[in-house]
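Me: I would like to learn how to read salt bridges in a model. Please take me through the general idea, then the cases here.

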Amino acid sequence: MTATTTLTVLSAEAPSLVQSVDWLAVAPVVITAAVGLVVLVADLFLAERHKPLLGWISVAGLAAATATLVPLRAGDRSTFCLTGDPEACSYVADHFTLVIQFLVLAGALITALVSVTAVRDTRMPAGEYWFLLLSSAAGAALLPASRDLATLIVALELASLPAFALVGMRRGDRLSSEAALKFFLSSVTATAVSLMGVSFVYAATGSLHLTQVADRLEDVPGQLDTLAMAGVALTLVGFAFKTAAVPFHFWVPDTYVGAPLPIAGYLSVIGKAVGFTGLILVTVIAFPAYSDIWGPALAVLAALTMTLGNTAALRQSPDRPNSAVRLLAWSSVGQAGYLLVPIAAAAYSGRDQIGSTVAYALMYAAVNLGAFAVAALVARTKPLHRISDYRGLYAERPLAALSLGFFLLCLAGLPPGIIGLFAKVTVFRSAVDAGLGWLAVVMAINVVIALYYYLRWTALLFRTPEGAQTRTRAPWPVAAAVVVTAITAVVVSGYPELILRVTSGSLFAQ
């Protein structure tokens, strides 16, 4: 046999090392990133008077990225797979990925609509703002599809690093600079802890792919068990920072107050979705062998997070500057506790409980972004962001007041905000089904606590206004954001089974 023939036979027998890329599967991420690069380059050539065009290019790009989820709705695509193990892929477009990507991209689209006016009015650098927002959205869209620990960390940082700069975008504002620094330091600490945990897990298993990690953790050699356990714990601690779970929540109130209002809304929804998505992937896919460790730990974190968040929101004084933003910030911490409950329940009764977290996240995203959109509208005439500024809003802006009232009732879980009630019942049921009766009781108590501050704010909207009312025309992009979120919340409240259908059964590729 000649040398040429031998090489031909060997090449025929050896597995191909050439990766084929499923471009349709990665389209939502690629389009978002590509539009970000287009905006960055276009900023160099556009005259100052044409800079608002960058915002509309970003809005169009996010809308196009969201639209590409439609042909992927079967949830059966994957790419960047190992040649020796086709089941171990780095990018998987299953139903879980698609639902979270829809949440992220639609949420970023609403943020972009609110930002169009904010960037112009506050004279923030348009090119940098839109490039950073699109970069962060691309990372957030990549994260739910990530199925290896390296891609997961890269996506997490791609979503987080631009957010630091976005928080500090208001140049010369001391609160903005302090918020960006606090957010940066806390996030860097979280990343360092996560990376150390990932390195320990890799040392114990010899793999970074989540499915392979799960298989190998089932049978870890005795001498590596402590190392694997430490890796699991450190990885979870790192993601707990990102979710703003207690005691890793300290950065939230000051960051939300210092950030531009659209970015505060973005962090409250998309930033939180990033943390919870990563936490879901590492717990129920990579670390089910250690569910007896992370299950009780997450249950305790859920109880502490919802309790501290709601009691802190309860203490906000209506006349204090920035009290409205602080209340929404502490409310988001409390809501994070509810989102943790089904993840903890998955340790006891299977990963299908994750559908409850996803259902709650979809409800929360729509109504919380709507609340921040109304806050941005009110801030145009009352920039102190006080809760008392909303007194008599119905007399000044009836539609905005009705929308905000509906959003707050949804967050409280009261009719007519049926979707909020439905989401809370779904989470409550997941705790009961998992045998976590004590956690269900803690959640019920916290729901009652939250009712007070949500209803107090709602009632203020319809009270007699004090003094003369300042009427200004609402910018149509902000008004459109309020209308879209309000219509979404109303429709889903009328048909809550829409979300139930999306999140029922297994969201992950089998």
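Me: Which residue's side chain meets D43 in a salt bridge?

Reply: First, the general idea. Side chains of opposite charge can pair when their charged atoms come close. A salt bridge here is a side-chain nitrogen of Lys or Arg within 4 Å of a carboxyl oxygen of Asp or Glu. In this case the partner of D43 is K51, at 3.1 Å from N to O. This is a predicted model: local features need pLDDT of at least 70, side-chain atom pairs count only at pLDDT 80 or more, and totals for chains, interfaces and linings use all residues. Residues are numbered from 1 along each chain as its sequence is written, and side-chain values use heavy atoms, with hydrogens and water left out.

Me: Is D43 buried or exposed?

Reply: Buried means under 20% relative accessible area, exposed over 50%, partly exposed in between (1.4 Å probe, protein chains only). D43 is buried at 16%. K51 is buried too, at 14%.

Me: How far apart are the closest N and O atoms of E396 and K382?

Reply: They are 3.8 Å apart, in a salt bridge. E396 lies in helix α15 and K382 in the loop between α14 and α15, so the pair ties together parts 14 residues apart in sequence. Helices (H or I, at least four residues) and strands (E, at least two) are DSSP runs, numbered from the N terminus. E396 is buried at 7%; K382 is partly exposed at 22%.

Me: Which residues do salt bridges that share partners join into one network?

Reply: D43, E48 and K51.

Me: What does R77 pair with?

Reply: R77 meets D22 in a salt bridge, 2.9 Å from N to O. R77 lies in strand β1 and D22 in the loop between α1 and α2, so the pair ties together parts 55 residues apart in sequence.
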